[in-house]
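I opened this notebook to record what I looked up about pockets and helix packing. The entries follow the order in which I consulted the structure.

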Amino acid sequence: MSERTEERTRDRESSVDSADADDGLGVDIDSLGQTTADTATSEAASGREDGLGRFFSLRALVGSFVAVALGMGVGGVIPLLPFTSVLGIALGGFVYGLLAKRGRYIEMALAGGTLAGLAIFLQFLPRAVVFEGFNGTRLFAIAAGIGLVLAVIGHYFGRDLRDGLTRDL
């Protein structure tokens, strides 16, 4: 019987120790005095992601730009075939989707659209200088839309292949 009393005493002591940091309602009393900046700093240091970090990453955006640019470069090397650099956008998205741990469709869409639009704009820049009435905004928008779609489709198929290769049978 005395053993049972000791267990109750130990349980009560451990619950008193844990009550120092928690009031029993799930509120961490130690964190109540922290400001929002302190909380954000401590969460960033602990590796937890906030709401925006789940959807957008600057590192993934840079990686997407590199992958799409390399894909466009590889596609542009193929001579005699038109629009191979545009297909390189899908190739870059595919490779990035195959290698990335998480699906980063927003970053890939931004990279594909921006680089496709810039490539077309720079290609037609001499014509814009010579012909003063040349309006390149429509051409930029169309190329950016095509690049966006191709990059996202390539990324989707790369993610799908990665899922198929890593899934247990």
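Entry 1. I noted at the outset that the model is predicted.

Entry 2. I looked up the largest pocket and found that it holds about 340 Å³ of space. I counted 15 residues in its lining, and I recorded F83, V86, I120, Q123 and A143 as those nearest its centre. By class, I listed twelve nonpolar residues, three polar ones and no charged ones.

Entry 3. I turned to the second largest pocket, where about 170 Å³ of space lies. I wrote down its lining as S57, R59, A60, Y96, L99, A100, K101, R102 and R104. Four of these residues are nonpolar, one is polar and four are charged. At least two come from α4 (58–77), and at least two from α5.

Entry 4. I next examined how α4 and α5 pack, and I recorded an angle of about 140° with the axes 7 Å apart. The two helices are therefore oblique to each other. I noted their crossing as right-handed. On the α4 side, the contact is made by A60, G63, S64, A67, V68, G71, M72, V74, G75 and G76. On the α5 side, I listed T84, S85, G88, I89, L91, G92 and Y96. I classed the residues of this contact as eight nonpolar, nine polar and no charged.

Definitions and conventions: Residues numbered from 1 in each chain as written. Predicted model: local features only at pLDDT ≥ 70, side-chain atom pairs only at ≥ 80, totals over all residues. Heavy atoms only, no water. 1 Å grid on protein atoms, 1.4 Å probe; cavity = no way out; pocket = protein on both sides within 12 Å on 5 of 7 lines; lining within 4 Å. Points joined across faces, edges and corners; volume = space filled by probe spheres on them. Nonpolar A, V, L, I, M, F, W, Y, C, P; charged D, E, K, R; others polar. Helix = DSSP H or I, 4+ residues; strand = E, 2+ residues; numbered from the N terminus. Axes fitted to C-alpha atoms, helices over the stretch in contact; angles between N-to-C directions. Parallel < 35°, antiparallel > 145°, perpendicular 65-115°, else oblique. Left-handed = near helix turned anticlockwise from the far one by under 90°. Contact = heavy atoms within 4.5 Å.
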